[in-house]
Amino acid sequence: MPVTRSPDSRPTARPATHAPAALRQRLAELRGPGSAQRPLDARALAALAANPGCRRRVLLDGAGVDKSALARALGAPAAFGQSQFAITRGHSFEARAKADGGTELVRLLHEQLRDGTPAPAPGSVDVPDLTAAGPEGRTARTALALREATAAGRWALLDHPLLALPVAGAPAFLEPDAVVVHPDGTWTVVEIKSFPVIDGAADPGKVGAATRQAAVYVLALEELAARTGDGDPARVRHEILLVCPKDFANVPAAGLVDVRKPRATTRRQLARLARVEDIAAELPAGTTFDLCLADDGRTAGRPAEELATAVESVDAAYAPECLAACELAFHCRARARAEGSVAALGRGLRGELGGLTTIESVLAAALGRAPAEEEAGVPDPTVVALRRAAALRAEALAPPLTGIEAACR
C-alpha cells in the first residue's frame, strides 16, 4: 500500500551535496567535452577508504572519469570485474527476493531480530514510489519517503533508494539494494548478494567486501537522518541484513552483520581524503583526461603518451591490493616497477623499510653502502636489520663445508 504524502512531510533541509558551479565546470573540463560523468558507487568509496592516500583515484573518481576506458587507452586494461553471467544471476536473485512486494525480505529481517514482535502479515509492508527526475530529485524523494514511513509507524521497504554522501568536497550518489523502515522508526540497510551460503557459512572474503560496501550505505543514511526528521542518526541500525542464496538454490537466506567497525574505519578514512578541488588546483594548466573518442565510442583518438603525462601529473599511492579494486592498478603497477618503488612489494614491507623508498636503496643498504645518517653516527635500525638478513641469506646459500672446515664447525 503506498504511503500517503502529507503537506508538511518535506525534508527540513536539502542535501548539502551540490558542488559549486566552478568546481563542476572544472571537473567537466578534466573529463573532456561530451564525456558523461561516471557516478561514484559504494564499492568505489570502499576502495577509496581502503587507500585514502591515492590522490590520483580521489581526483579521477571525484571528476567521474571512466577509469576503465582510460586504462585501455594507456595500454593497461583492468583484468577484473564481474562476468555478464554473474550480473544476470545477481539481478535474477534480487528479483526473486523482492518478488512479493518486500514481504519476504521483511520477514527474513524479522526472523533475525528475534525481538518478540509480531511477524509482518501479507500486505502489511508499504513500498513507496521513489521515482523522480535526476539524482538530486531521487535523493530528495528518498528523504521524503523515509520521513513519511518513519512517521507512519509501519513496516516499509524502500526499493533501490538513492542516498547522497559528500566525499572529498564532491557529491557521491549511492543506491543500496533496499532500506527497511521498522515500526519503531529505525532503519536497516539490506544488501542482496548472489554468492551462496553453504551449510550456514559463506565465503569470508565476499562477506567482508559486502560488509564494507554496506558500511558506506549506513554512513549515507546517518548523514540523511541527521538532516531530516528529529535529526537523530542513531535511528540507523548498526546491523545490516545480508541476503544470499541458500546452498546454490535460488531460495533467499539471511543474516545480520554488524558494521560498526567497518563503518568507523570508512568514516575515518574518507575524512582523510584530500579535497577534489584542492587536487585539481595543483594540476598543470590545460591538464585533461579527455580520451577524444572516435565515432564508435571506444577507440581513443588521443596519444597514449599525452594521457600518461596527464595521469602522472597526479600522485598515486599504489599497493598490490589495488589490483582487485582499481581499474588503473595495472598502469600504476607498471610505473612503480619501472621506478623501482618498494610500494610495488606491498604496504607492509613499505612501512617496514621507512625512508628507503626504492629497491635500489634497499639493496645498497643491505650490501653495506651506508646512507648519510649512518655515516653521521646515527644507526638506522632498518639498515641494521637488512644487513643481518643479507648475512643470513649469504650463509644459507653458501656451499656446504667439507673436510677440516666442517670438523672445526
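**Exercise 1.** Find how many cavities of 30 Å³ or more the count comes to.

*Solution.* Start with the rule: on a 1 Å grid over the protein atoms alone, a cavity is a set of points where a 1.4 Å probe fits but cannot get out. Grid points are joined across faces, edges and corners, and a volume is the space filled by probe spheres set on the points. By this rule, you get 3 cavities of 30 Å³ or more.

A quick word on the model: it's predicted, so local features need pLDDT of at least 70, side-chain atom pairs count only at pLDDT 80 or more, and totals for chains, interfaces and linings use all residues. Residues are numbered from 1 along each chain as its sequence is written, and side-chain values use heavy atoms, with hydrogens and water left out.

**Exercise 2.** Describe the second largest cavity and work out which helix gives the most to its lining.

*Solution.* First, its volume is about 40 Å³. Next, list the lining (residues with an atom within 4 Å of a point): among them are Leu 40, Asp 61, Gly 62 and Val 167. Now sort the lining: 7 nonpolar, 1 polar and 1 charged. Finally, helix α3 (residues 55–63) gives the most, with 3 residues.

**Exercise 3.** Decide whether Ala 152 is buried, partly exposed or exposed.

*Solution.* Locate Ala 152 in helix α7 (residues 134–152). Then recall the cut-offs: buried is under 20% relative accessible area, exposed over 50%, and partly exposed in between (1.4 Å probe, protein chains only). Ala 152 has 40% relative accessibility, so it counts as partly exposed.

How values were computed. On a 1 Å grid over the protein atoms alone, a cavity is a set of points where a 1.4 Å probe fits but cannot get out, and a pocket is an open set with protein on both sides within 12 Å along at least five of seven lines; lining residues have an atom within 4 Å of a point. Helices (H or I, at least four residues) and strands (E, at least two) are DSSP runs, numbered from the N terminus. Ala, Val, Leu, Ile, Met, Phe, Trp, Tyr, Cys and Pro count as nonpolar, Asp, Glu, Lys and Arg as charged, and the others, Gly among them, as polar.
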